[in-house]
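Biologist: I'm new to reading protein models. Could you show me how to look at one?
Modeller: Gladly; let's take a look together.

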Amino acid sequence: MATYYSDANMSDPKDHTRVSRIDFSGSSSTRPSVSLSPNVSWGVRWSGFVRPSLAQMYTVHTVLAEEDERVKLWIDNFLVIDQWTSLAGTVPQGTVMFAIIGGFYPVVMEYKQL
């Protein structure tokens with residue numbers, strides 16, 4: 001599920017959309033359907049589940065294309081990536097241990113463009 005906001009503080013929800021994966025690189029179906037100016041800050045909160053095929057440690061990462069992008073990622077209610085206030089790198093990453101094969105773990109990812 002995706003909730004889009006018209007501000008980077010994510011206080012004014014504008015749209016709710018069902019998505020199967022987070023990918024802004026090509027598919028217009030995952031882009032905001034609300035009218036957002038390129039010079040206006042905005043945000044989105046995705047929520048769903050991940051189901052690992054192996055019980056092991058995983059490294060997860062996001063790719064940020066611009067210096068004005070920020071991201072936070074929680075998996076199983078643990079903050080795995082926190083690049084919300086500054087841009088330390090364009091590929092923030094973290095690790096998470098999945099102990100149960102085929103288990104469903106909650107995922108929440110927040111993204112904002114300043």
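Biologist: Are F49 and F104 buried or exposed?
Modeller: Both F49 and F104 are exposed. Here buried means under 20% relative accessible area, exposed means over 50%, and partly exposed is in between (1.4 Å probe, protein chains only). Before going on, note that this is a predicted model, where local features need pLDDT of at least 70 and side-chain atom pairs count only at pLDDT 80 or more, while totals for chains, interfaces and linings use all residues. Residues are numbered from 1 along each chain as its sequence is written, and side-chain values use heavy atoms, with hydrogens and water left out.

Biologist: How many strands does the open sheet have, and in what order?
Modeller: Start with the terms: strands (E, at least two residues) are DSSP runs numbered from the N terminus, and two strands pair if DSSP finds at least two bridges between them. In this model, an open sheet of six strands runs in the order β2-β1-β3-β8-β5-β6, with antiparallel pairing. Its edge strands are β2 (13–17) and β6 (78–83), each of which pairs on one side only. For example, β1 (residues 2–5) and β2 are antiparallel partners over four bridges, and A2 has T17 in β2 as its bridge partner.

Biologist: How many aromatic pairs are there?
Modeller: A pair of aromatic rings is described by the distance of the centres and the angle of the planes. Rings of Phe, Tyr and Trp (its six-membered ring) pair if their centres lie within 6.5 Å; planes under 30 degrees apart count as stacked, over 60 as edge-to-face and the rest as tilted. By this rule there are six aromatic pairs. One of them is W42 with Y111, a tilted pair with 5.4 Å from centre to centre and 55° between the planes. W42 lies in strand β3 (residues 42–50) and Y111 in strand β8 (residues 105–113), so this pair ties together parts that are 69 residues apart in sequence. W42 is buried at 7% relative accessibility, and Y111 is buried at 6%.
Modeller: Next come F49 and F104, an edge-to-face pair at 6.5 Å centre to centre, with 85° between the planes. F49 lies in strand β3 and F104 in the loop between β7 (93–98) and β8, so the pair links parts 55 residues apart in sequence.

Biologist: Which residues form one aromatic cluster?
Modeller: Y4, W42, W46 and Y111 do.

Biologist: How many salt bridges does the structure hold?
Modeller: Side chains of opposite charge can pair when their charged atoms come close. The cut-off for a salt bridge is a side-chain nitrogen of Lys or Arg within 4 Å of a carboxyl oxygen of Asp or Glu. This structure holds two. In one, the side chains of K14 and D12 meet at 3.3 Å, N to O. K14 is partly exposed at 46%, and D12 is partly exposed at 33%.
Modeller: R45 also forms a salt bridge, with E110, and their closest N and O atoms are 2.7 Å apart. R45 lies in strand β3 and E110 in strand β8, so this pair ties together parts that are 65 residues apart in sequence. R45 is partly exposed at 28%, whereas E110 is buried at 10%.

Biologist: Where is Q113, and what does its side chain touch through polar contacts?
Modeller: A polar contact is a pair of N or O atoms within 3.5 Å; within protein, one must be able to donate a hydrogen and the other to accept it, and residues adjacent in sequence count only if both atoms are side-chain atoms. Q113 sits in strand β8 and is buried, at 17%. Its side chain makes a polar contact with the side chain of W42 at 2.9 Å, and another polar contact, of 3.4 Å, joins the side chains of Q113 and D68.
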